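Thank you all for coming; I would like to walk you through one model this morning, taking the helices, the charged pairs and the surface in turn. Please have the sequence and the structure open as I speak.

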Amino acid sequence: MGVVRILVKFLLSAAILVGVSEISKRTSVLGGLIASLPLTSLLAILWLYLDTGDPQKVASLSWSIFWFVLPSLVFFVALPLFISRLGWNVYLSIFLSSVLTMLGYGAMALVLSRFG
């Protein structure tokens, strides 16, 4: 893969993250809306297809993303609970929400491996 292609991937992906961060400073609702869009997944799918030209790999990645989105929701439930309801430090809340999310990923991976 060419250096230019990697650089384009990097810059476009970084621009989206910076854009969401900057928009969120002004309005958390719009920032949340943009962040909730499957931009990362869309970019990953696009990059995969452009790199491989294989629609089956794209379909497989899409299914994997679907199943792993479910446990990722644990993060977005736990984080505001820890910060707003329990009054915990933001960094601790992010850490613990991430740990719970990783446990959710592990549980989902276990379930998927048992049921195909």
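When I say helix, I mean a DSSP run of H or I that is at least four residues long, strands being E runs of at least two, and these elements are numbered from the N terminus. What we have here is a predicted model, so local features need pLDDT of at least 70 and side-chain atom pairs count only at pLDDT 80 or more, whereas totals for chains, interfaces and linings use all residues. Residues are numbered from 1 along each chain as its sequence is written, and side-chain values use heavy atoms, with hydrogens and water left out.

Let me begin with helix 3, which covers residues 39-52. After helix 3 comes Gly53, and the phi of Gly53 is positive, near 70 degrees.

Now to the charged pairs. How many salt bridges does a search of the whole structure find? The search finds three, where a salt bridge is a side-chain nitrogen of Lys or Arg within 4 Å of a carboxyl oxygen of Asp or Glu.

One of them joins Asp51 to Arg5, with 3.2 Å between the closest N and O atoms.

As for accessibility, I call a residue buried under 20% relative accessible area, exposed over 50%, and partly exposed in between, using a 1.4 Å probe and protein chains only. Asp51 is partly exposed at 34%, Arg5 is partly exposed at 36%, and Lys9 counts as buried because its relative accessibility is 14%.

The remaining pair I want to show is Glu22 with Lys25, whose side chains meet in a salt bridge at 2.9 Å, N to O. Both residues lie in helix 1, three residues apart, or about one turn of the helix. Salt bridges that share partners, by contrast, join Arg5, Lys9 and Asp51 into one network. Glu22 is partly exposed at 30%, while Lys25 is exposed at 61%.

Let me turn to helix 4, residues 55-85, where we find Val69. Val69 is partly exposed, at 37% relative accessible area. A polar atom of the Ser72 side chain lies 2.6 Å from the backbone oxygen of Val69. Leaving aside neighbours within four places in sequence, Ser72 is in contact, meaning heavy atoms within 4.5 Å, with Thr101 and Tyr105.

Finally, the loop between helix 1 and helix 2, the latter being residues 28-36, holds Thr27. Thr27 is partly exposed, with a relative accessible area of 29%. Thr27 and Asp54 are 27 residues apart in sequence and 39 Å apart in space, C-alpha to C-alpha.

Technical notes: Expected span 1.5 Å × (residues − 1). Polar contact = N/O pair within 3.5 Å; in protein donor to acceptor, adjacent residues only side chain to side chain.
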